[in-house]
Every structure is written in structure tokens, then in C-alpha cells.
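I am opening a notebook on a structure that is new to me, and I want to write down what I look up in the order in which I look it up.

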Amino acid sequence: MSFEQRGRMPLDYQPSALPGSALRFRGPLDVDRGPAVVCIGSSATFGRFIDAPFAAQLDKRLDLPVLNLGVINAGVDVMVNDPAIAANVANAEAVVMQITGAHTLTNRFYSVHPRRNDRFLGASAMLRTIYPQVDFTEFHFIRHLLSHLQMESSDRFEIVRTELEIAWVARMRKFLNSLALPVHLLWLANRRPDAVGGTDLAQHPLFITMKMLEVVGQDAASLTIAAPLADDRHDGLDGKFFGPSEEAAARMLPGPGLHSMAAGKLLKHLSP
């Protein structure tokens, strides 16, 4: 069915800025309502293609204000290093932190863009040693890079993957232990964390396993899983709003059904 037949129109996300940050958050953004529940994460938290993301639903149902500081294509690096996010997290009553892929953070093999964590900046000497035949100037996105590395050598790729998993767990645990407030982890995705395919680089969040979640979950207040049941299909394009060239991206992100599931489950942890 074509975009025109569906009659969909892209959403106006009302991009909003915060002092000290070059990022754009979903608006309207009111940071002056006092201590809040702060939601940090990537495109799913931002609510890309979704009219009422889980943060907006929580804001209507909790006594505390809920601040959506999700950023499109963000990884752990954005959530940890952005000054505006850090300032609001420091003043929060509680934090909801979306689980993002292990590939979108700077590590011993490559560096990512500080604001667009899905973008590749450069390879380390270590990665160049492992893959001496690869011209790293050809890559702009992390998934494209990883796909090429996997194709070049599945054995050497496992070294890279293992490093990314170790780096993600270490970065998450360091962040969680640096905060003196409850952090509620949220898995919001079209797959369950136990549905892991080792060679599928199209998965979201990439490389994250249930075992990794159990490790970082020890340092969090709670872990919420909002994902399809084993025998259910995810909600595809139903209830999503997107432009003519955005259909592929819209399919990959969770739909309104999973956002409602996330909000309902998080309420149990956030309500007094």
C-alpha cells in the first residue's frame, strides 16, 4: 500500500533546544516544572513516527512531570556525555534509560560521532592492524562498517563484536553507578532480548543479549521489557506517521502498541 493510499503525514516533532547542548529534543519541552522523571534514549524514546511515545503517556498518568530527552540515533555516548542531559538527570527524581545497541559507542576499535552515535568517525590503530586490507575512509555509518568487517572475516569480526559487548556493559555499569537516584532500564524493541541472531546486523538493539541485560540490571532499580510476545508479530506500520521515504525506517522502530506496553509496565515502578 502506498504512502498516498494510507493518507499518512509526517509528524511535527517541534524540535527543541536546551542550554549547553547542540542536540535537538522532541518538543514542546518544559524543563522548568521542577524535579521530573527524565527519559533518556534513542529514536524509540524520542518517539520517532509515534504521536504519543511512552514518555508522553507517563506524563499524563504520573503526578510528577516526565521529561523526554530521547535523541534520534543516540547511543550511550550521547546519554552520558551531553551537558544538558547530564544536568537534567542530576536534578531528576528518577530516570528511565532505553537500552541501545552496543555498536553506537566509542571503543578501542573505532570512534563514533559525539551527537550522531550511528556515524563512524575513524578506526583505531588496533582495528587497522586486525583489518589491514580495509580502507576505512569509505565508511560513514557504523552498521555499514560492521557489515563489511563481518564479510571480510567472520573470525576477526567476533573479536570486534566481543569488544563492543564488553565496552557496552562497562560503560553502562559506570554510568549507573555514578548516579545517586533510581534508574529504570527499558528494553523497547521489535524483538525480545532472548531472540538473538549472531550474524544479523539488522537487529535493534544490536548485539545486546539477555545475559548482558542481567549484568547491568544489577546496578539499576528495575528492568522493563516491552517487546512482542514470542508468537506475535510486531506492529509494523500500524499507527505510525512517516514521509514517503521513511517507510523502511518506520518499520524498524516500535509502534504505538509497544509504547503503551512500556508506559503501563513503567508505571508500576514509577508510581508512589
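Which elements do the buried residues of α9 pack against? Before following that up, I note that I am working from a predicted model.

**Entry on helix α9**

I looked up helix α9, which covers residues 210-217, and found that M212, L213 and V216 are buried there. These residues span an arc of only 100° around the axis, which means that they sit on the same side of α9. As for my opening question, the buried residues of α9 pack against helix α8 (154-178) and against the strands β6 (183-188) and β7 (222-226).

**Entry on the whole chain**

I then stepped back to the protein as a whole, whose secondary structure I list as eleven helices and seven strands. Its radius of gyration is 18 Å, close to the 19 Å that the globule rule gives for 272 residues, so the protein is as compact as a globular protein of that length. Along the principal axes, the C-alpha atoms fill a box of roughly 55 × 50 × 40 Å. I also noted that 53% of the 272 residues count as buried, and that the accessible surface comes to about 12,600 Å², with 53% of it belonging to carbon and sulfur atoms. Among contacts with a separation of 6 or more, 70% are made by residues 24 or more positions apart. For the charges, I found 27 positive and 28 negative ones, and their mean positions are 1 Å apart.

**Entry on T224**

Is T224 buried or exposed? I placed T224 in strand β7, and at 3% relative accessibility it counts as buried, the cut-off being under 20%. Setting aside residues up to four places away in sequence, I see T224 touching L185, L186 and W187, as well as K265, L266 and H269.

My next stop was R143 in helix α7, residues 142-152, where a relative accessible area of 24% makes R143 partly exposed. Which residues is R143 in contact with, leaving aside its neighbours within four places in sequence? I list H103, L201, A202, Q203, H204 and L206.

**Entry on G122**

I looked up G122 in strand β5, residues 120-123, and noted that G122 is buried, with a relative accessible area of 19%. Apart from neighbours within four places in sequence, G122 is in contact with F109, Y110 and S111. I also checked T106, which is 16 residues from G122 along the chain, and the two C-alpha atoms are separated by 9.7 Å.

**Entry on backbone details**

Where does P28 lie? I found P28 in the loop between α1 (3-6) and β1 (37-41), and a cis peptide bond with omega of about -5° joins G27 and P28. Q14 has its place in the loop between α1 and β1, where it shows a positive phi of about 45° although it is not a glycine, and at 40% relative accessibility Q14 counts as partly exposed. F49, found in the loop between α2 (43-46) and α3 (54-61), has a positive phi of about 75° without being a glycine, and at 1% relative accessibility F49 counts as buried.

Notes:
Residues numbered from 1 in each chain as written. Predicted model: local features only at pLDDT ≥ 70, side-chain atom pairs only at ≥ 80, totals over all residues. Heavy atoms only, no water. Helix = DSSP H or I, 4+ residues; strand = E, 2+ residues; numbered from the N terminus. Rg over C-alpha atoms; globule rule 2.2 N^0.38 Å. Buried < 20%, exposed > 50% of the residue type's maximum accessible area, 1.4 Å probe, protein only. Contact = heavy atoms within 4.5 Å. Areas by Shrake-Rupley, 256 points an atom, 1.4 Å probe, with all protein chains shown as cover. Lys, Arg positive; Asp, Glu negative; His and termini not counted. Charge placed at Lys NZ, Arg CZ, Asp CG, Glu CD. Arc of directions from axis to C-beta.
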